[in-house]
Structures are given as structure tokens and as C-alpha cells.
2 protein chains.
Amino acid sequence: MGTTRRVGTLSPVSISEAAESRSEKKERTRRAILDAALRLTEDTGLAGLSLRQVAKEVGIVPTAFYRHFDSIDQLGLALVEESFASLRAMIRDVRQGTPSLAQIVDSSVAVLIEHVTEQRAHFGFIAREKSGGSAVVREAVRRQFAFFERELATDLARLPMDHWSADDLRILSNLIVGAMITTSEEILRAEPRELAEIQHRARTQLLMMIVGALNWKSRGSD
Amino acid sequence: MGTTRRVGTLSPVSISEAAESRSEKKERTRRAILDAALRLTEDTGLAGLSLRQVAKEVGIVPTAFYRHFDSIDQLGLALVEESFASLRAMIRDVRQGTPSLAQIVDSSVAVLIEHVTEQRAHFGFIAREKSGGSAVVREAVRRQFAFFERELATDLARLPMDHWSADDLRILSNLIVGAMITTSEEILRAEPRELAEIQHRARTQLLMMIVGALNWKSRGSD
DNA sequence: CCTTTCAGTGAACATGCGTACACTGAAACT
DNA sequence: AGTTTCAGTGTACGCATGTTCACTGAAAGG
């Protein structure tokens, strides 16, 4: 809690402890605003979030908000950025060592559930604002998902699907990402005791999709 | 436009034409409110919809709103009901004569695209409020989807998957419904020229899921 | 040491909100 | 014909909103 890290171009006179530079203080307030927004949007969505509410929650006067963000929309964009950083961290975890197909599936689902429950606020924010009230925030979320989908497609290319076209990989990737989003939303609204069932379902579904994809080319238009 | 249909327990004195009974007038206003709400939520979501906005759009004084709905939430529930009626009509279309598997897939996707583009407002409303601001409306949407998912599961039981358990059917159904929702959202934000691509993708994905399901049991845990 | 920077203050504003209340006038009922 | 019902009116209220503006005081910098 007692961060004494220094920042700036040159170190000042020599401060013993517990002091806080101006930029540190500002950063702390900024974080407090982001956290307050994340907490408050849980009930109402970003659309129902007011500048004054956030300010009161943080403990600053409404006008001070403008020192950090131009508008609620800009705050929203910052939260999109932050929330997807969370998501990317998750993917990094999944990528570490993935031997057999069944293990890929298992670990992917396990990691998904773990991250969603740990980062409820971020995932909830994404889920809500994906179809939320602000056009600019909504668009930002969609761009991130599109980016994400492309990444998964390149990952999938490493599976034994050599002859697949880039288009087909994108289609499968789109399907999987969609299912992942749906599962995340289910995790968010589930009670802890339901998680095992959701995990089982997600595993099965992911396996169905992959098995389906592997058997699909050979079948063609049945 | 000139509806002269009579309603009530006994027919009145004999009205020549263009007259409107009290209940007819009320119903017309109610519809106007629902339509206005559907139009206005397109930008902001139900959370950003105010009673006064709706009233102004309809051309009544704000307090008159209460003659029709207790609150915006109640309005929301009525819209959920109406929107899902739209969805059910779609399913009825799909069920009519479905010979081969490939044809089921083709016609399902075609009907989905057709209905979503025709009923943009309703599908858009569902997509938004699925994760929207009002807890009671959100819950109503989710119940409808759950109901829907169960129905699809019984439909799937008629496919050659005799040995499948009810649980497995539900899992597949959940996956398909999820993909259908995702596709609907894509249709809603797509431009007309992109529809062909979306249709192709949805067909492929649905086929992947079904093929995957059919091949899944035989494989087990690979 | 003196000046500049700037996060946060506090009062003021116009506007939009939900809702209470007493009302009107035409349709519906007896 | 006389009475009741009720969709819609109009006013008024207290409250929350975003944004403006001039300000303060401590940290940063010359």
C-alpha cells in the first residue's frame, strides 16, 4: 500500500518516505476513477453512468473529473483498453505448452473460467458494452474482438488443418470466439456451484466445434 | 389505414365509418408508444430511454404514459414479449418441411437473415437488452432464450442422434442458439452487401457444429 | 527564492428527469 | 337522459445531470 516509487526526469532533493509526487497522486486518482466506473457500470451499464456519480464515489468534485478524461466516452475507451489487456493476458496463459488436442481444449476452458471469475469487472464491462449505449465504445469493443479473432485464426493454423484456407480458418475462429463470449457471459451470471456444469458444457462445445471443423472438409456439402 | 372494426360486449347504435372506439384508440396509442420506444432505444438502449422522450415522440403529455405502462421497465417487458414473438414466427418458418440435413442448414440460415433484416428493431432490441441496464428486462430476455434453447433441443432429437442424452442435446442446442445470436448481431450491424458473406459463414458454422456433434460421440475423448 | 504549473475546489447555470395532483371532455354504460 | 369511466391535459415540484468559470494551494522548475 505504501508505494514510494519515484518518477520524473531528475530525482528531487531526497524524500525519506511516504511522500507522493504530483504525477503519482494523479495516477492514483485516475485509477480510482477507472475502478469506480467499473464498479458503478455493473448495475447500469456505461450508458447509465454519470460523471457526478463517479466523482462522488472517488471523492472528488465533479469538475475535477475533466482533469483526467474529456468525457464519459473517453473513460469508456480507457476501460475497453484495460479490459482487453486482461483478455490478452488470458490468451498468453493458454498458449503456454499445448500438447494434445484434448489438453488444449481442457486447459483453454479452465483458463477461461479462471480468468473470468478473477476479472469479473473487466469481462462484465466488455459483455455489457459490446451492445451498449455508446456508439464509439461499442465500436472499440468490436474492433478488439475482430483483432482477437484474427489472432486465434493464426493459432488454429498450427493445428493439423494444413489444407485449410485463410477464410475457413477465420470462420472457425469467429465461431469459437463467439462461443467463448457466450460462455463468459454465462460464467458471469452463474453462481459458483454452477461453474462445474458450465465448464463441462464449454469443453464439450469446444470439442464439438473442433471435431466438426476437422471432419467438415472431408464431408463437404453432405 | 381506416380500421372500423368494432369491439366490446354489445354493438352500439351503428356508426357509419372512420369512427374509433375508446379501446381502439387506446390500443393505437399503446402501439405508438411501443414503436417509439423501439425506435428510440436504437441509439441509447433501454437504459437511456426516458419516459418524457417517448411521450414527446408519441405526441402525448408525459403523465399520459402511465395510462399504458407502470414504468419504463414494464414497457421493456412488453417489448421483450413482442420481440420474441417475432423470433418464434421465424422458427415456425424453419420447421416447415426440412428434408436433408444440408437443406435444413441452408433454409435455417436463409430464414434467419431474412427475419433479422425484416425485424431489425425487434432483434436489435433483444441483442441490446440481453446484457442491458435493467435487471428485470435482462432476466426476461434470458428466460426466453432458455425456453428457446429447450425447444431447439427437442427439435434436434429428431435428427439421427438417437442415442444422445437429453443433456448432450441441450449442450448442442446451447451452442447453436449462441451462434445464432452472434450471427444476428452481425447481420444487424452489417451493410447489405456484406450479407452474402455472413450467410456463407453462418452456413459453414452451423454445418461444422452439426457435423462435429455427429462425429463427437464416436470419438469420445480423443 | 520566486514563478509557473495544474489537480482539485465551489458556486452557479440551464436543462431534463420522474412523479403528484387536480382537471377535462368524450365515450360507454345504466 | 343522466351518470360513470378514463385517456389525455397542464402545472408544479424537487432532484440530478453536464458544463462554465474564477479560484486555491502545493509541487515542480528556473
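I took a residue as buried if 20 or more other C-beta atoms lie within 10 Å of its own, with C-beta atoms placed from the backbone. I note at the outset that this is a predicted model.

Entry on helix 6 of chain B. I looked up residues 135-156, which form this helix of 22 residues. Its first and last C-alpha atoms are 31 Å apart, close to the 32 Å expected at 1.5 Å a residue. I then asked which residues of helix 6 of chain B are buried. I found Val137(B), Ala140(B), Val141(B) and Ala153(B). The buried residues of this helix pack against helix 3 (72-95), helix 5 (120-129) and helix 7 (166-189) of chain B.

Entry on chains A and B. I recorded 33 residues of chain A in contact with 33 residues of chain B. On the chain A side, I listed helix 4 (101-118), helix 5 (120-129), helix 7 (166-189) and helix 8 (195-219) as the elements that give two or more residues. Helix 8 of chain A gives the most, with 12 residues. By class, I noted 14 nonpolar, 14 polar and 5 charged residues on this side of chain A.

Entry on DNA strand D. I recorded its residues by class as 7 nonpolar, 9 polar and 5 charged.

Key: Residues are numbered from 1 along each chain as its sequence is written. Chains are lettered from A and ligands numbered from 1 in the order in which they are written. This is a predicted model: local features need pLDDT of at least 70, side-chain atom pairs count only at pLDDT 80 or more; totals for chains, interfaces and linings use all residues. Helices (H or I, at least four residues) and strands (E, at least two) are DSSP runs, numbered from the N terminus. The expected span of a helix is 1.5 Å times one less than its number of residues. A residue is buried if 20 or more other C-beta atoms lie within 10 Å of its own, exposed if 12 or fewer, and partly exposed in between; C-beta atoms are placed from the backbone. Two residues are in contact if their C-beta atoms, placed from the backbone, lie within 7 Å. Ala, Val, Leu, Ile, Met, Phe, Trp, Tyr, Cys and Pro count as nonpolar, Asp, Glu, Lys and Arg as charged, and the others, Gly among them, as polar.
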